[in-house]
Amino acid sequence: MNGHRLFTALDLAGTFAFAISGAVAARDRGLDWFGVVAIAFAVACGGGVVRDVCIGAVPPVGLTDWRYLAAALAASLLTISAHAMVVRISHPVIIFDSIGLALFAVTGAQKTMILGHDAEAAVLLGVVTAVGGGVVRDVLLNRVPIILRREIYASAALVGAAIEVAGERLGWLSIGRTWVAVASCFALRCLALRYKWSLPRFSGGDDSP
Amino acid sequence: MNGHRLFTALDLAGTFAFAISGAVAARDRGLDWFGVVAIAFAVACGGGVVRDVCIGAVPPVGLTDWRYLAAALAASLLTISAHAMVVRISHPVIIFDSIGLALFAVTGAQKTMILGHDAEAAVLLGVVTAVGGGVVRDVLLNRVPIILRREIYASAALVGAAIEVAGERLGWLSIGRTWVAVASCFALRCLALRYKWSLPRFSGGDDSP
Amino acid sequence: MNGHRLFTALDLAGTFAFAISGAVAARDRGLDWFGVVAIAFAVACGGGVVRDVCIGAVPPVGLTDWRYLAAALAASLLTISAHAMVVRISHPVIIFDSIGLALFAVTGAQKTMILGHDAEAAVLLGVVTAVGGGVVRDVLLNRVPIILRREIYASAALVGAAIEVAGERLGWLSIGRTWVAVASCFALRCLALRYKWSLPRFSGGDDSP
């Protein structure tokens, strides 16, 4: 498997993991099957749609590339028909979710730079690509987005996107900086999960979902 | 009345019914008059704005065609000044809402194809046009969008948009396929209301609004 | 200080006040520091991003002008490190917030007209620029947007944007009408705060946030 194919395979695995997170949350909330598919699809392509609208790449790739819809359908089918199995594979799903986070952050930043936009927009839209779908999911399910409340998640995406953009500005080779950026984001996210790192908070706050 | 005029009249009636659904929900939630008008307007043009932004048709028609704003103002005025009457006409409003759903789904898919985008985007954006306003309403009123929770509503829009797009690909005559698509969506929605059809759900879930 | 510099200084003060409102609300809700910065940034540039996407001015200025991000970072730092002080300056912050409201409404309408769009879009997008960030803040914090529930806030923005657009159509001099529009919106908002004006509501409604 060469680098490009590996990249595509990882991207699909990440998209599928994102869709699973949406389908499981929608099912737990008691939505019907249309709602489950809709939320799964929103997580899989929501961040990319917002990015593409912001950089003028219309129609957004999430609405024209059938693989996002296929990932949402497959994740919904699996979640509905084999819920016990989905619970059992929750550990690999978290790993794939972290891969998706890293790839989406870096490729989101890349696409923004390729269209000629500046470094700040590239970093911000890298983060939006990676976490936007999860934010849409939580807004539709009527809860404060989990990424704003705890854990190193969006901040790991920020590190990945920033390394990619800084590397491009410093003239690093494309293939090298991409893998360094993806690996950094992925490693940071996994370490945070393993050691339960989280960012500080500043008040009693309301912890309910 | 010729076909085109009938189409425009139905479109206006549907838009008005959408605005009524927003104004009533906002009033019940205790919003002030600005909030009532804002929610009514959001339901009337929200789906179309998202569609137009996604296909690059800016500024969105909802912001430039005064009839959407007029429908929102009329619906708000009626809901505020004659609430008892609005409750009494709830049955015709549901019929107009179903007409709006069918027309928005089919015309949303049409507009996407006219701008040269592919079939998947056309079907998806047809559904977004039809149900987007209702989703925005529910997100602003802080509840899980009702279309994700029960009833055949978004799925009827999906059927209408899919028939329109499939008909175009199969070379059906434009006027014929449009009416078939609109009628199918409308009939499915009415049958679902009449016989209380809904899509299956998969867990105990949280049923509160 | 000449007119243009005064304008820029007021714009920055308004952006900063918007960011403070986001940082304080996010801190009170118990978000971590990433969440605090994200909400502060969303309030500072959210309305402008929606406006720019709707008029095709991509990438939105909020993502490319570093001053929005700087305002969000400064406001977050201040809110986290010196919360007691932020509470003490809440009165000046309300004044700056009203300045931001007035400037965002008027400049939002201006930018829409400069890009050649019509009067209705200009007024609507002026209001969206002014209040959009606050709506995004409240949606992300899972509550009904406060501007839809009480007080003269969005309606003051509407007055400012409408005066600017009407003045342009009537051929008033640019500099004169801008200051009249800004001053009208600001004065209306301050009078509403001082005398606790609010728009009428129409039902018992749910008052909880």
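Colleague: How many salt bridges does the rule find across the interface of chain B and chain C?

Modeller: A salt bridge is a side-chain nitrogen of Lys or Arg within 4 Å of a carboxyl oxygen of Asp or Glu, and across the interface of chain B and chain C the rule finds zero. This is a predicted model, in which local features need pLDDT of at least 70 and side-chain atom pairs count only at pLDDT 80 or more, while totals for chains, interfaces and linings use all residues. Residues are numbered from 1 along each chain as its sequence is written, chains are lettered from A in the order in which they are written, and side-chain values use heavy atoms, with hydrogens and water left out.

Colleague: How is the size of an interface given, and what area is buried between chain B and chain C?

Modeller: The size is often given as the accessible area lost when the parts come together. Taken with a 1.4 Å probe and summed over both parts, the area buried between chain B and chain C is about 2400 Å², with carbon and sulfur atoms giving 67% of it. On the side of chain B, the residues losing the most area to chain C are B:Asp32, B:Phe34 and B:Leu63, which together make up 25% of what that side buries.

Colleague: How many residues does the contact take from chain B and from chain C?

Modeller: With contact meaning heavy atoms within 4.5 Å, there are 28 residues from chain B and 32 residues from chain C.

Colleague: What does the count between chain A and chain B give for salt bridges?

Modeller: That count is zero, and chain A and chain B bury about 2400 Å² between them.

Definitions and conventions
Buried area is the accessible area (1.4 Å probe) that two parts lose on being put together, summed over both.
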